[in-house]
Amino acid sequence: MKTVLELRELLDTNQVTSQALVDEALVLAHQNQEKCNSFVTILDDAKGNHEKKSLLSGIPYVIKDNFSTTGILSTGSSNTLKNYIPFFNATVIEKLKEAGAVPIAKSTMDEFGMGGTGTTGHTGIVKNPWDPSRMTAGSSAGSAACVAAGVVPFALGTDTGDSIRKPAAFCGIVGYKPTYGLISRYGLFPFASSLDHVGVLTRSVEDACATIDVMKGMDERDQTSLDSSTMHLLDSLTGDIKGKKLFYIKNLLELDAYEKVSDSLKSTFAQFESTLDLLRNAGAIVEGIEFDMVLLNAIPTTYVCISCAEATSNLSNMTGFSFGSRGEGSTYIESMKNHRTLGFSPLIKRRFVIGSYVLQKENQEKFFLNAQRVRRLVVDKMNELFKHYDAMIMPCSEGVATKLEQAGNMLQNDLLEVLENHMVIGNFGGFPSITIPNGMIEELPIGVNITGKVLDDENILNIAYTLEAKMSYKNQIAKEVN
Amino acid sequence: MTLLATIGLEMHCEMKSNAKVFSRGKNGYSEIPNSNVVALDLALPGTMPTINKYCVKNALKMSMILNCEQPEYMYFDRKNYYYPDLPKGFQITQFHHPVGINGNVVIEVNGERKSILIHDIHLEEDTASLDHGFDSTYIDYNRCGIPLLELVTEPCIHSALEAVAFLEHMRSVYKYTDISEADTKKGQIRCDVNVSLAEEGAPLGTKVEIKNVNSFSNVAEAINYEIKRQSELIESGRQDEIEQETRRFDEESGTTIRMRSKADAIDYKYFVEPNIPKYKITKEWLENIRTEITELALERKDKYIKQYGLSDYDAGVLVKEREVSDYFESCIALGIDAKIAANWVTVQILAYINKYELTLNEFFLTPEMLKTIVDKINDGTISSKQAKEVFFKTLENNKKPEEFISKENAQISDRKELESIIEVILANNQKQVEEYHNGKSNLFDFFVGQVMKETRGKANPVLTKEILNEKL
């Protein structure tokens with residue numbers, strides 16, 4: 001399967017029909033399902049759309065299963081919603097429908113987006129198409145796996161910590177989370193409302209632009225949505241970044257700062273250096289800056305406090321009363337407890353416990369409110385930096401996708417934990433943030449992340465676009481390693 | 001030992017609006033159960049709240065009426081708890097920055113003015129309503145998301161009488177401003193009552209909260225019962241048995257019953273609602289809202305007494321319901337004398353609408369029509385007795401009063417015409433004239449009666465008496 005823009009060309013010149021694309025996508029989806037378990041639902045009766053309304057008309061795509069879709073099972077990869085068929089579409093689904101795009105499947109994710117492994121969905125683990133013994137990362141696991149495998153040119157994702165950008169890196173594709181509020185969250189099953197973003201996984205920066213151009217816009221059903229009518233992402237790409245200034249966080253990229261230096265870390269940093277050279281060759285200025293280590297070290301905990309607190313509240317609607325299956329029990333409390341105890345996996349119950357704990361009256365000041373303060377300090381620091389720089393550039397991780405058996409044992413020490421989690425800064429500030437592939441380690445992809453200031457999406461996309469053109473990973477489709 | 005009761009009230013009042021406060025569902029609780037429900041009211045996954053600006057405006061208006069301080073930004077908090085009437089698992093309310101704080105309002109208790117201190121007023125959403133059957137409970141989501149204003153007083157009230165006077169006052173304010181129908185029968189007002197007892201001058205005693213009292217008479221009963229219960233405990237030296245607890249009022253027995261102690265209080269884990277961005281309340285907007293505040297009952301009452309010279313009682317009757325007061329003010333605006341208008345409204349009109357169970361909106365006779373009738377009395381065309389007949393005929397026939405003030409039944413006020421009628425009567429009753437002159441002065445009424453008989457009651461009585469005095 002080609003990219004959106006290539007398919008548009010083929011459709012417009014009648015070299016292919018939408019029906020043929022949809023049929024092909026469905027065949028590929030079933031193959032991918034066998035290998036990677038990317039989907040909760042495959043829409044076998046999906047029909048091509050031959051009317052041209054937009055760039056996306058007639059083009060097949062995949063929806064993450066935490067979007068409400070009329071008449072289509074929408075589970076959030078949770079047992080609590082295993083039979084839930086909504087009667088309304090999320091705003092973004094409605095926009096894609098109006099644009100004529102054709103959904104062909106709903107993708108597997110970490111339960112309600114609460115996980116970074118792709119292994120906690122109620123329909124089983126998602127495997128990386130490059131190496132099925134490895135995870136994709138998550139939570140937009142199925143969306144990343146199917147786009148990387150070439151099933152469709154784009155898939156919807158959502159990103160609360162790095163849930164689009166991390167799996168994109170581990171699957172060798174593009175993952176873009178626009179500015180908070182650019183895309184309506186109405187109809188997105190919430191995880192942590194102040195951090196949740198809708199975004200997209202594609203195989204080219206152009207496709208990320210073309211799809212978000214359709215999906216963005218103010219929505220009266222989401223009061224946090226913004227007017228972006230003057231922003232035209234695809235049209236704004238120039239390929240010229242002369243004079244653009246980027247920074248990276250120097251204190252996270254010094255090998256000797258790490259207790260144990262793996263080959264993969266060395267390789268990641270080396271390839272990151274080469275990427276910076278490409279940018280410099282294109283006329284950009286790239287500098288390392290020092291970021292307060294105390295703030296950096298507080299980032300993972302801050303994320304846990306805020307996201308778990310909001311999650312425990314957001315998911316309090318899962319009681320089996322006004323929707324979903326009623327739990328057994330002779331009192332309402334028993335009935336609610338049974339519904340929740342049986343429905344949620346232990347991993348997310350743990351998050352609810354943390355969330356409740358940090359919100360308790362006696363703990364709120366120390367945990368939840370302090371986390372809000374740290375968030376504010378980090379965002380202020382970033383905004384200060386964005387006065388002098390167009391964007392931050394950083395590696396997405398310490399290396400390639402982890403082996404599935406190590407899913408529960410990812411974090412070795414504090415500094416690695418910070419390196420693995422820095423992309424959450426983009427969620428703290430609602431900053432536009434994009435990951436593109438920038439290298440390979442032992443035939444497995446790694447990615448680089450570019451994050452910019454609020455509503456400066458055009459700028460960071462243009463930097464990513466320019467960089468993408470200097471490498472050979474555009475429209476890269478996963479080649480299984482042996 | 002003189003014990004003083006100290007009472008604080010929480011008054012929840014459902015607001016009028018087209019849509020609910022955070023959803024597009026219709027604000028129509030009393031309609032067929034579950035007929036006014038949209039996805040958000042059921043908390044279906046992915047739904048998001050959007051604030052109803054009309055409700056915010058009215059909340060700010062009420063905040064100003066209560067002389068509260070308004071916050072710089074409008075935002076909301078989540079109050080988290082699990083209960084089947086709360087599908088989201090949290091209620092959107094205002095905990096950190098309510099729409100009004102530190103206010104005060106002057107009320108009238110038995111003719112005396114008293115200032116009640118307001119702790120805060122906040123805007124929130126109502127929960128679904130639960131209807132408990134024999135072995136099951138029915139949930140009506142119509143009520144879920146209906147805008148509520150919760151008003152919290154300081155503990156500054158000292159009797160059931162004061163408490164009810166305050167609630168009556170607030171009901172009147174809600175109705176005058178049209179912010180709420182404020183109908184307790186429809187469950188639109190619900191109260192929580194805090195009562196503590198202590199010796200006068202001593203620090204406040206242990207506070208007992210009585211939840212969900214749904215009528216003003218129950219508020220009074222609950223307070224009186226609680227004062228009795230607590231004073232008996234204190235007077236018999238069992239003071240420690242008064243526990244900080246939540247009780248409920250049992251209507252059947254007229255008593256309060258323990259629900260839970262303070263130790264079991266729920267931790268609501270309040271935090272700022274992330275889906276409704278902070279909204280700046282501009283000075284211009286506030287000033288705009290201020291101009292919309294209507295003159296309220298107590299202000300009107302003062303005006304009626306001072307400016308129009310009405311009695312305290314009549315003024316009180318006129319301002320009790322806004323529509324009555326508005327009717328009265330229209331009469332004044334049309335130029336009807338205030339006392340005459342007050343008399344018509346408080347006697348004839350209120351009696352009529354009460355008898356036929358009408359509202360003033362359904363009442364046919366407009367202030368303009370009343371003006372026509374009053375003018376005809378003033379220019380002597382009709383007597384006040386005839387005016388009453390015209391009043392009722394107008395209402396019976398739903399026709400203008402002019403239809404019933406014809407030449408035919410007009411009062412005879414023409415001196416010459418009356419003189420000639422009287423001369424004939426005197427000539428025909430010589431015997432009685434003689435007797436009258438001989439000292440039988442009560443025969444004067446006989447002659448008046450004859451004139452009325454002759455004119456079928458249309459003779460102007462004042463003029464008749466005047467002429468009779470001259471002629472006899």
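Q: What makes a stretch of this predicted model a strand or a helix?
A: A strand is a DSSP run of E with at least two residues, and a helix is a run of H or I with at least four. The runs are numbered from the N terminus. The model is predicted.

Q: Where is Phe112(A) found?
A: Phe112(A) is in the loop between strand 3 (102–107) and strand 4 (127–128) of chain A.

Q: Which residue of chain B has a positive phi near 50° without being glycine, and where is it found?
A: Asn398(B) has that phi. Asn398(B) is in the loop between helix 10 and helix 11 (415–428) of chain B.

Q: What kind of peptide bond joins Gly138(A) and Ser139(A), and where does Ser139(A) lie?
A: The bond is cis, with omega about 10°. Most peptide bonds are trans. Ser139(A) lies in the loop between strand 5 (131–135) and helix 4 (141–148) of chain A.

Q: Which residues of helix 9 of chain B are buried, and why are they placed on the same side?
A: Leu370(B), Ile373(B) and Lys376(B) are buried. They cover an arc of only 125° around the axis, so they sit on the same side of helix 9 of chain B. An α-helix has 3.6 residues a turn, so residues three or four places apart point the same way.

Q: What lies around helix 9 of chain B?
A: The buried residues pack against helix 7 (322–333), helix 8 (338–355) and helix 10 (384–397) of chain B. The face turned away carries the exposed residues Glu368(B) and Asn378(B). Gly380(B) follows helix 9 of chain B, with a positive phi near 80°.

Q: What makes strand 5 and strand 13 of chain B edge strands?
A: The sheet is open, with eight strands in the order 5-6-9-1-10-11-12-13 and mixed pairing. Strand 5 (100–109) and strand 13 (255–261) each pair on one side only.

Q: How do you know that strand 5 and strand 6 of chain B pair?
A: Pairing takes at least two DSSP bridges. Strand 5 and strand 6 (residues 112–125) of chain B share nine, so they pair, in the antiparallel sense. Ser115(B) in strand 6 of chain B is the bridge partner of Val106(B).

Q: Which residues touch the most other members of the largest nonpolar core?
A: Val152(A), Leu201(A) and Ala464(A) do, in a core of 140 residues. Helix 8 (residues 293–314) of chain A gives the largest share, nine residues. A second, separate core has 93 residues, including Cys55(B) and Val219(B).

Definitions and conventions:
Residues numbered from 1 in each chain as written. Chains lettered and ligands numbered in written order. Predicted model: local features only at pLDDT ≥ 70, side-chain atom pairs only at ≥ 80, totals over all residues. Core = buried A, V, L, I, M, F, W, Y, C linked by C-beta atoms within 7 Å. Buried ≥ 20, exposed ≤ 12 C-beta atoms within 10 Å, placed from the backbone. Arc of directions from axis to C-beta. Contact = placed C-beta atoms within 7 Å.
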